[in-house]
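Please keep the sequence and the model in view while reading.

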Amino acid sequence: MTSLYGNTLAKQAFAAALDGGSLHHAWLFAGPEGVGKASFAMLAARRVLAGPGQSDDFSIPSDDRTQHLIDSGAHPDFRKLERLPKDDKKPDQGLARSITVAQVRALEPFLGVKPTYSDRRVVLIDSADDLERNGANALLKNLEEPPPGTVFLLVSHAPGRLLPTIRSRCRLLRFEALGDADMRSALTDAGAAPGEIDELVRVGQGSPAQALAMAGLDVAGLDKALDALAKGDPSNAVRAQLASSLSLKAAQPRYEAFLDRAPRFIAAQARNRTGEALRSALDAYDAARNLAASALGLSLDEQGTVFEMGGIVASLANRR
């Protein structure tokens with residue numbers, strides 16, 4: 001049994017199209033990251049391939065053959081495109097930057113034969129945002145002239161960045177951030193500590209995945225430090241202490257959480273400003289976002305990065 005949280009209308013729309021015999025050949029599951037789009041896409045793929053007689057809530061019996069084949073990568077009528085490891089021999093060394101055109105073109109033999117177990121096959125792309133330009137163009141050719149029985153499921157966190165021609169060939173299902181009640185249910189079922197759930201609901205902003213990534217990291221403490229910095233840090237004492245504590249090897253997860261929280265904090269501050277104060281906050285947001293993006297990608301010194309980020313946040317005190 002697999003639990004799904006929130007976004008009932010989107011799920012009902014897909015089920016109605018499938019059960020009513022009007023299933024479009026391409027679907028775009030769009031919305032914020034971490035709200036369950038990819039999880040639902042996997043369940044939708046299973047339901048398409050398993051055929052009629054499935055439960056209305058997309059639940060999966062423990063002995064479901066279709067799901068076992070999908071999970072093991074052995075279903076002949078299912079393909080999933082996602083970023084691959086940079087090095088096949090070192091899968092723990094990170095993922096490639098994009099889904100390549102070679103991966104898309106590798107679908108051609110799969111699409112060139114009839115489905116094996118039914119009259120349908122499924123291609124799931126998670127996420128379509130990761131397609132390199134040539135890969136997106138190669139995919140477009142398949143979307144324009146889909147082989148009979150083929151269903152494409154595209155997951156996207158930023159559909160505005162996709163080729164307009166790709167978007168126009170997909171039926172859009174929009175997924176929204178989860179409400180607090182669904183967030184609590186999702187976090188509880190995921191095993192989050194009961195005493196931490198309220199805080200995780202706050203920082204998750206409707207995304208269970210985002211919330212769980214912050215579990216056990218004392219995000220409240222990071223937010224308190226950011227608030228102190230935003231009030232001014234003329235002696236550099238706050239940022240120095242924060243830089244020292246987050247530069248420890250054991251603090252790497254919390255350091256990454258800080259890089260995620262700082263731009264969000266500045267964005268929240270900007271919402272309450274106007275005029276020159278707003279412009280200053282927007283400049284600080286751009287600087288913080290750029291620093292956060294480059295810090296991990298370029299392996300910048302943790303202590304220096306935190307100190308610099310603290311200075312950006314502290315600059316908010318100069319113009320209110």
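The expected span of a helix is 1.5 Å times one less than its number of residues. In this predicted model, helix α14 covers residues 275-297, and its 23 residues should therefore span 33 Å, a figure that agrees with the 34 Å between its end C-alpha atoms.

**The chain as a whole**

The secondary structure of the chain comes to 15 helices and five strands, and its C-alpha atoms fill a box of roughly 70 × 45 × 40 Å along the principal axes. Of the 320 residues in the chain, 43% are buried. When contacts between residues at least 6 apart in sequence are considered, 69% of them join residues at least 24 apart.

Just after α14, S299 takes a positive phi of about 50 degrees.

In helix α8 (residues 180-189), the buried residues are M183, A186 and L187. These residues lie on the same side of α8, because they cover an arc of only 95 degrees around the axis. An α-helix has 3.6 residues a turn, so residues three or four places apart point the same way. On the other side of α8, A181 and D189 are exposed, while the cover over its buried residues includes α9 and α10. The residue G191, which follows α8, has a positive phi near 90 degrees.

**The loop between α9 and α10**

Both S207 and Q205 belong to this stretch: S207 is placed in the loop between α9 (197-204) and α10 (208-213), and Q205 is found in the loop between α9 and α10 as well. Since its relative accessibility is 4%, and buried means under 20%, S207 counts as buried.

**Backbone features in loops**

| Residue | Angle |
|---|---|
| Q205 | phi near 50 degrees |
| N236 | phi about 65 degrees |
| S299 | phi about 50 degrees |

N236 sits in the loop between α11 (219-230) and α12 (237-246), and because its relative accessibility is 30%, N236 counts as partly exposed. A further backbone feature is the cis peptide bond from D126 to S127, with omega near 0 degrees; S127 is placed in the loop between β3 (121-126) and α6 (133-144).

**The second largest pocket**

Which residues line the second largest pocket? They are R202, Q205, D223, R261, R264, F265, A267, A268 and R271, and the volume of this pocket is about 200 Å³. By class, the lining has three nonpolar, one polar and five charged residues. Helix α13 (residues 252-270) gives the most to the lining, with five residues.

Among the lining residues is A268, which lies in helix α13. With a relative accessible area of 33%, A268 is partly exposed. From C-alpha to C-alpha, A268 and G135 are 36 Å apart in space, and they are 133 residues apart in sequence.

Technical notes
Residues are numbered from 1 along each chain as its sequence is written. This is a predicted model: local features need pLDDT of at least 70, side-chain atom pairs count only at pLDDT 80 or more; totals for chains, interfaces and linings use all residues. Side-chain values use heavy atoms; hydrogens and water are left out. On a 1 Å grid over the protein atoms alone, a cavity is a set of points where a 1.4 Å probe fits but cannot get out, and a pocket is an open set with protein on both sides within 12 Å along at least five of seven lines; lining residues have an atom within 4 Å of a point. Grid points are joined across faces, edges and corners, and a volume is the space filled by probe spheres set on the points. Helices (H or I, at least four residues) and strands (E, at least two) are DSSP runs, numbered from the N terminus. Ala, Val, Leu, Ile, Met, Phe, Trp, Tyr, Cys and Pro count as nonpolar, Asp, Glu, Lys and Arg as charged, and the others, Gly among them, as polar. Buried means under 20% relative accessible area, exposed over 50%, partly exposed in between (1.4 Å probe, protein chains only). The arc is that of the directions from the helix axis to the C-beta atoms. Contact means heavy atoms within 4.5 Å.
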